[in-house]
Amino acid sequence: MKDNIVLIGMPGVGKSTVGVILAKVMGYQFIDADLVIQQQEGRLLHEIIEEEGTEGFIQVENRVNASLSASHAIIATGGSVVYGKEAMEHLREIGTVVYLEVSFPVLEKRLADIKGRGVVLKEGQNLYDLYLERTPLYESYADIRIAETGLDIEQTVEQIVSQLQQDGIK
């Protein structure tokens, strides 16, 4: 049953912040997939990355997201969820995938402290490389795309609700 809304996008686009407000507006529950990972693993995201490496973290993230069970929920995913094929297939089965997109300059400003956020970077990779690598993945999985540049949080939420209504969802 596709009765969930799944938010995807780069770190710093506001998936969790927008997700909480969207859940209130729509009367849905809110699930932060990163918090579910931490709870199931008993470790913080950056600890998982440090102990398991980037690939190990992606495997953990894929496993946890592929097993998420929810109904009438807004699910905010981690930015690297799109590396997990099983997770993305599962999330597309249970929900409408909304890609929150911002331009690279906006993203760069928001992510001044990239390491402190537990962002999954491969050896030698910078934020721009990551942006170029992930953007096509986000686009390929998205049912709906919301261009956030120039929008505040409330406007972003309004855009999502409007787009969902146009698509006949809630």
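Reader: Hello! In which hand does H2 pass H3, left-handed or right-handed?

Author: Welcome! Please keep in mind that this is a predicted model. In it, the crossing of H2 past H3 is right-handed.

Reader: How are two packed helices described?

Author: The general idea is simple: one gives the angle between the two axes and the distance between them. Here, helix H2 covers residues 33–41 and helix H3 covers residues 45–66. Their axes come within 11 Å and cross at roughly 110 degrees. Angles of 65 to 115 degrees count as roughly perpendicular, and H2 and H3 are therefore roughly perpendicular to each other.

Reader: Which residues make the contact?

Author: From H2, the residues are Ala33, Asp34, Val36, Ile37, Gln38, Gln40 and Glu41. From H3 come Leu45, Ile48, Val60, Glu61, Arg63, Val64 and Asn65. Sorted by class, this contact of H2 with H3 has seven nonpolar, three polar and four charged residues.

Reader: What lies in the loop between H2 and H3, and is Gly42 buried or exposed?

Author: Gly42 has its place in that loop. Residues over 50% relative accessible area count as exposed, so Gly42, at 65% relative accessibility, is exposed.

Reader: Let me try another pair. At what angle do H1 and H7 pack?

Author: Helix H1 (residues 15–26) packs with helix H7 (residues 153–166) at an angle of about 55 degrees, and their axes are 10 Å apart. H1 and H7 are therefore oblique to each other. Their crossing is right-handed.

Reader: Which residues of H1 and H7 meet?

Author: On the H1 side, look for Thr17, Val18, Ile21, Leu22, Val25 and Met26. They meet Ile153, Thr156, Val157, Ile160, Val161 and Leu164 in H7. By class, the contact of H1 with H7 has 10 nonpolar, two polar and no charged residues.

Reader: How many residues are in the largest nonpolar core?

Author: It has 56 residues. Those with the most contacts inside this core are Ile5, Ile8, Leu22, Ile75 and Ile160. H3 gives the largest share of the core, seven residues.

Reader: What is Ile75 in contact with?

Author: Set aside the neighbours within four places in sequence, and Ile75 is in contact with Asn4, Ile5, Val6, Leu7, Ile31, Leu68, Ala70, Leu91 and Ile94. Of these, Ile5 is also listed with Ile75 among the residues with the most contacts inside the core.

How values were computed
Residues are numbered from 1 along each chain as its sequence is written. This is a predicted model: local features need pLDDT of at least 70, side-chain atom pairs count only at pLDDT 80 or more; totals for chains, interfaces and linings use all residues. Side-chain values use heavy atoms; hydrogens and water are left out. Axes are lines fitted to C-alpha atoms, for helices over the stretch in contact, and angles run from 0 to 180 degrees between N-to-C directions. Helices (H or I, at least four residues) and strands (E, at least two) are DSSP runs, numbered from the N terminus. Angles under 35 degrees count as roughly parallel, over 145 as roughly antiparallel, 65 to 115 as roughly perpendicular and the rest as oblique. A crossing is left-handed if the near helix is turned anticlockwise from the far one by less than a right angle, and right-handed if clockwise. Contact means heavy atoms within 4.5 Å. Ala, Val, Leu, Ile, Met, Phe, Trp, Tyr, Cys and Pro count as nonpolar, Asp, Glu, Lys and Arg as charged, and the others, Gly among them, as polar. A nonpolar core is a set of buried Ala, Val, Leu, Ile, Met, Phe, Trp, Tyr and Cys residues joined through side-chain atoms within 4.5 Å. Buried means under 20% relative accessible area, exposed over 50%, partly exposed in between (1.4 Å probe, protein chains only).
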